Amino acid sequence: MMWKKTVLLFCIGVSSLILLDPYAAPFIMTSSAVFLFFPEYKKAQKKTRMKKDAPVVMYHFSVLSTFLPFEKTLKEACKRKGEFSRELAKVVRRIERGESVSRALEKMKEDNPWSEKEVRLLKACYEKGDRVSEVIKDAAENALEDSRLEGEKNASILVEKYTLLIASGLLIPGLLGMTFSTVSSLDITGLQGMGMGQQEKMIMKQALLEANQLYIPILAVLVSIFLAGAEKERILVYSSVLVPLSLSVFRISLTARLL
Amino acid sequence: MISLLAEKIKRFKEEKALDSETASCLLLVHALLVSGESFERVLESVPGAAGERLKRAALRIRKGEKAHESLAQEKNNSPSEYFSRACDELARTYYTGTSENLAALAKNISRERQNKVKEYNSKMIMYSLFFVVSAAVLPAMFESFLIIGSSFMDISISPEQAFLITVVGFPALSAFSVLLAIIKRPG
């Protein structure tokens, strides 16, 4: 599904660059990307929120499980706000409908494969009672520490991602375009010495302009590869937005002159 | 050459995955051992990249291999320092029967990872700066130098060479700067 949407976005990008005004391409691409990938984004956000909520709920659960029976503890734990509590509420409903605790927890694992560790801990607690609640508390504390750590790490990755996005989409093409147009328009005929002739200089300028027009998309694709990381289908998504955007910024900035 | 590179990338990814999972896996193992499950069964029920390796070790133990030898084999094949330490502690747990040492190691690993993340965050600005300089400032300076400098200096760079430097050299430098940031990122 993701691949189909990615290919569709790529086709929209290519056709908008060919058929429409190149300056309009980035806007068409960005709005198409938002429209196509918003559901995936929401799903990923839900998973992140659940992962963030899980340690708090597990900690709460471990404290309650020392003096409450399992089902009652589960009911209390799912009264908290958050995505993970909502998943636990589903487990409670399944148990109330007559499913076994183990089966209801297994279904939760099937719906959210990442929650395998939490489900294993809950099952151990159900099977062995409060014997493991102290250990679950330790695990929850560690998971809280880990999620804080993940938050810190994600913040730096976010800085890295935005630096790459802004640099390759706006900063680099803008800077290169403006530098090229400014330097090319300088009147330096008075400095003529042992340098190139007019003809050779024109060839050099042309070569550099063509190199820039190739360098900017290459850089955009390169940045897309790094931004996508393990999710390879996202390379096309990022490229579809970054390549037209950077080329448009470069063309616009070629018309600007600093001096 | 490509297969060697692919192998290195695979090991690098596995190292990062193991680094981030080891502490929570140790606590899960501790919890399950306290709940009374058998050592082999516990190793088999750990999820993730660490779980894959522990499952292999458990399988060998079930086949009759000694626990410390089986875990040492996984330890020697592991690209992660944390996972290697975890294997040693797991072997100790198998013979002593107490799993408190696993919880202590998990806490130590968490603390070490925290320090690594802090260190990386402080270096982040340097990596970003390196990328912007290699991808934007250097190419702009190079082009300015070629266009202005070629008017009054004898520059030995031909238009073809300038083209190649811009299209191959600068992207390679930018890729290197981003790769550096990714390699140094803690797991």
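Two residues are in contact if their C-beta atoms, placed from the backbone, lie within 7 Å. On that basis, the buried residues of helix 7 of chain B are covered by elements that include helix 7 and helix 8 of chain A, together with helix 6 (100-152) of chain B. The model is predicted. Chains A and B meet through 57 residues of chain A and 51 residues of chain B, and each chain is divided into two domains.

**Domains**

- Contact between them takes five residues from domain 1 of chain A and five residues from domain 2 of chain A.
- On the domain 1 side of that contact, helix 7 of chain A gives the largest share, four residues.
- By class, this domain 1 side has no nonpolar, one polar and four charged residues.
- In chain B, domain 1 runs over 2-113 and domain 2 over 115-184.
- The C-alpha centres of the two domains of chain B are separated by 42 Å.

**Contact between chains A and B**

- The contact draws 57 residues from chain A and 51 residues from chain B.
- On the chain A side, the elements that give two or more residues are helix 6 (116-128), helix 7 (133-185) and helix 8 (198-228).
- Helix 7 of chain A supplies the largest share of that side, 25 residues.
- The chain A side is made up of 33 nonpolar, nine polar and 15 charged residues.

**Helix 7 of chain B**

- This helix holds 26 residues (159-184) and should span 38 Å at 1.5 Å a residue; the distance of 37 Å between its end C-alpha atoms agrees with that.
- Helix 7 of chain B bends by about 35 degrees at Ile165(B).
- Its buried residues are Pro159(B), Ala162(B), Phe163(B), Thr166(B), Phe170(B), Pro171(B), Ser174(B), Val178(B) and Ala181(B).
- An α-helix has 3.6 residues a turn, so residues three or four places apart point the same way.
- The cover over the buried residues of helix 7 of chain B comes from both chains, with helix 7 and helix 8 of chain A and helix 6 of chain B included.

**Helix 6 of chain A**

- Helix 6 of chain A has 13 residues and reaches 18 Å from its first C-alpha to its last, close to the 18 Å expected.
- Buried residues in helix 6 of chain A are Lys117(A), Glu118(A), Val119(A), Arg120(A), Leu121(A), Leu122(A), Ala124(A), Cys125(A) and Tyr126(A).
- Gly129(A), just after this helix, takes a positive phi of about 75 degrees.

**Nonpolar cores**

- The largest nonpolar core has 58 residues, of which Ile136(A), Ala139(A) and Ala31(B) touch the most other members.
- Helix 1 (residues 2-34) of chain B gives the most to this core, 11 residues.
- A second, separate core of 45 residues includes Val223(A), Tyr238(A), Val243(A) and Ile147(B).
- Ala139(A) has contacts in both chains: beyond its neighbours within four places in sequence, it touches Met58(A) and Leu121(A), as well as Leu27(B), Leu28(B) and Ala31(B).

- Leu9(A) lies in helix 1 (residues 2-19) of chain A and is buried, because 21 other C-beta atoms lie within 10 Å.
- Neighbours within four places in sequence aside, Leu9(A) is in contact with Ser32(A), Ala33(A), Leu36(A), Leu236(A), Val237(A) and Ser240(A).
- Leu19(A) is also part of helix 1 of chain A, but it is exposed, with 8 other C-beta atoms within 10 Å.
- Between Leu19(A) and Glu106(A) there are 87 residues in sequence and 52 Å in space, C-alpha to C-alpha.
- Ile28(A) belongs to helix 2 (residues 25-64) of chain A and counts as partly exposed, because it has 17 C-beta neighbours inside 10 Å.
- Leu9(A) and Ile28(A), 19 residues apart in sequence, are 9.9 Å apart from C-alpha to C-alpha.
- Ile28(A) and Val241(A) are 213 residues apart along the chain, while their C-alpha atoms are separated by 9.0 Å.

Note on methods:
Residues are numbered from 1 along each chain as its sequence is written. Chains are lettered from A and ligands numbered from 1 in the order in which they are written. This is a predicted model: local features need pLDDT of at least 70, side-chain atom pairs count only at pLDDT 80 or more; totals for chains, interfaces and linings use all residues. Domain bounds come from an automatic or database domain assignment. Ala, Val, Leu, Ile, Met, Phe, Trp, Tyr, Cys and Pro count as nonpolar, Asp, Glu, Lys and Arg as charged, and the others, Gly among them, as polar. The expected span of a helix is 1.5 Å times one less than its number of residues. The bend at a residue is the angle between axes fitted to the seven residues ending there and the seven starting there. A residue is buried if 20 or more other C-beta atoms lie within 10 Å of its own, exposed if 12 or fewer, and partly exposed in between; C-beta atoms are placed from the backbone. A nonpolar core is a set of buried Ala, Val, Leu, Ile, Met, Phe, Trp, Tyr and Cys residues joined through C-beta atoms within 7 Å.
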